[in-house]
Amino acid sequence: MESSLQLLLAIFVPLLIAFTARKKKSLSTSGAVAGFFVMALHIFVGFRFGAMLLAFFYSSSTVTKIGEDRKRTLDPDFKEGGQRNWLQVLANSGIASVLVVAIWVLTGGQDKCLNSEDSALITSLIGAVVGHYSCCNGDTWSSELGILSDKPPRLITTFKTVKKGTNGGVTKTGILAAAAAGSVIGLSFVLFGFSTTRCESNIVALKQLLVIPIATLAGLCGSIIDSLLGATLQFTGFCSVRRKIVGKPGPTVKRISGTSFLDNNAVNFVSIMLTSIITSIACLYIF
């Protein structure tokens, strides 16, 4: 009965969310289709994973819409409504989707608590998913709120003041936002975990609360990694004709930082992967 209910929720909840997100322009048509399958997969495997994905999607979509008029003139990658296509959906959920499938196969569809004594592999995989969405949310909140800071950003590699919208530029507002974003992911995992997952003992159950500070640090760590990659491997320049920050070199563009080795999606993918690995290892030692 429970599995049937979970399957129904895994179909209808993502369908409703994808349709609504497309209507509100948070997702493009391709993004809505990809989002449906990703959300359905997460919810089917476990409500905790679905909760983290939805916490990321809704909170990041909300902060993306804050100060759109200012961002339009500052952000070279600005999209109306923060609309995401299928590539961006997979860049922000592809690794997690592979991880939750692995967890489902290894656990036989059972929800497991973070407990290395019971299963080090499952604990590390769950930790990686937590790190994944903490990084995604941390990077989004940091970028979307940091660019609205009254103080100019500083390039993370040199600490020199740079123009707003520069890849690798960090602000105090952005750093605090990244930590807060990570805590939202940790809180969603814990709240749904207490109501849907049975742990081996009360002590193990209480230890799950440590996911909140771990996710907070993962959000911060992911944002820092993203900024380091953005400052070194992602191009930022200033166009003298358009009088704004741009992400591609050209005859009228003066380089500010970075190279054209990675684009924004690639930077996100690498930072997510690294943060997932770091969080996975941390969970092995803590739980």
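**Notes on a predicted model**

1. Start with H132. Leaving aside neighbours within four places in sequence, H132 is in contact with N92, S93, G94, I95, A96, I272 and S276. The model is a predicted one, so read every point below with that in mind.

2. Where does H132 sit? Its place is in helix 6, which covers residues 120-146. Is H132 buried or exposed? H132 has a relative accessible area of 0%, so it is buried. The cut-off for buried is under 20%. Now look for L54. H132 and L54 are 78 residues apart in sequence. From C-alpha to C-alpha, they are 13 Å apart in space.

3. Next, helix 2 and helix 3. Helix 2 runs over residues 29-45 and helix 3 over residues 47-64. Their axes come within 5 Å. They cross at roughly 145 degrees. Which residues make the contact? Helix 2 supplies V38, M39, H42, I43 and V45. Helix 3 supplies F47, F49, G50, L53 and L54. By type, the residues of this contact divide into 8 nonpolar and 2 polar, with no charged.

4. Now helix 7 and helix 9. Helix 7 spans residues 172-196, and helix 9 spans residues 211-233. They pack at an angle of about 140 degrees. Their axes are 7 Å apart. Helix 7 passes helix 9 in a right-handed crossing.

5. Look at the residues where these two helices meet. On the helix 7 side they are I175, A178, A179, G182, S183, G186, L187, F189 and V190. On the helix 9 side they are V211, I212, A215, T216, G219, L220 and S223. How many of the residues in this contact are nonpolar, polar and charged? The contact of helix 7 with helix 9 has 10 nonpolar, 6 polar and no charged.

6. Turn to the aromatic rings. Two rings pair if their centres lie within 6.5 Å. By this rule the count comes to 4 aromatic pairs. One of them is F36 with F37. Their ring centres are 5.2 Å apart. Their planes stand at 70 degrees, so the pair is edge-to-face. The cut-off for that label is over 60 degrees. F37 has a relative accessible area of 56%, so F37 is exposed.

7. F57 and Y58 form a further pair. Why is this pair called edge-to-face? The planes of F57 and Y58 are at 65 degrees, so the pair is edge-to-face. Their ring centres are 5.3 Å apart. The two partners can be described separately. F57 is buried, with a relative accessible area of 12%. Y58 is partly exposed, with a relative accessible area of 43%.

8. R48 lies over the face of F49, at 5.5 Å from the ring centre. The charged end of K163 sits over the ring of F238. The distance from the centre of that ring is 4.7 Å.

9. Check F159. F159 lies in the loop between strand 1 (154-155) and strand 2 (169-170). At 58% relative accessibility, F159 counts as exposed.

10. S257 has its place in strand 5, residues 253-257. Its relative accessibility is 3%, so S257 counts as buried. Which residues touch S257? Setting aside neighbours within four places in sequence, the contacts of S257 are L155, T166, N167, A231, Q234, F235 and T236.

11. T196 is in helix 7. At 31% relative accessibility, T196 counts as partly exposed. Neighbours within four places in sequence aside, T196 is in contact with F47, R48 and D111. What separates T196 from L262? Along the chain they are 66 residues apart, and their C-alpha atoms are separated by 40 Å.

12. Last, L5. L5 lies in helix 1, which covers residues 2-23. At 49% relative accessibility, L5 counts as partly exposed. L5 and F44 are 39 residues apart in sequence. In space, C-alpha to C-alpha, they are 9.7 Å apart.

Methods: Residues are numbered from 1 along each chain as its sequence is written. This is a predicted model: local features need pLDDT of at least 70, side-chain atom pairs count only at pLDDT 80 or more; totals for chains, interfaces and linings use all residues. Side-chain values use heavy atoms; hydrogens and water are left out. Axes are lines fitted to C-alpha atoms, for helices over the stretch in contact, and angles run from 0 to 180 degrees between N-to-C directions. Helices (H or I, at least four residues) and strands (E, at least two) are DSSP runs, numbered from the N terminus. A crossing is left-handed if the near helix is turned anticlockwise from the far one by less than a right angle, and right-handed if clockwise. Contact means heavy atoms within 4.5 Å. Ala, Val, Leu, Ile, Met, Phe, Trp, Tyr, Cys and Pro count as nonpolar, Asp, Glu, Lys and Arg as charged, and the others, Gly among them, as polar. Rings of Phe, Tyr and Trp (its six-membered ring) pair if their centres lie within 6.5 Å; planes under 30 degrees apart count as stacked, over 60 as edge-to-face and the rest as tilted. Buried means under 20% relative accessible area, exposed over 50%, partly exposed in between (1.4 Å probe, protein chains only). A charge sits over a ring if NZ of Lys or CZ of Arg is within 6 Å of the ring centre and within 35 degrees of the ring normal.
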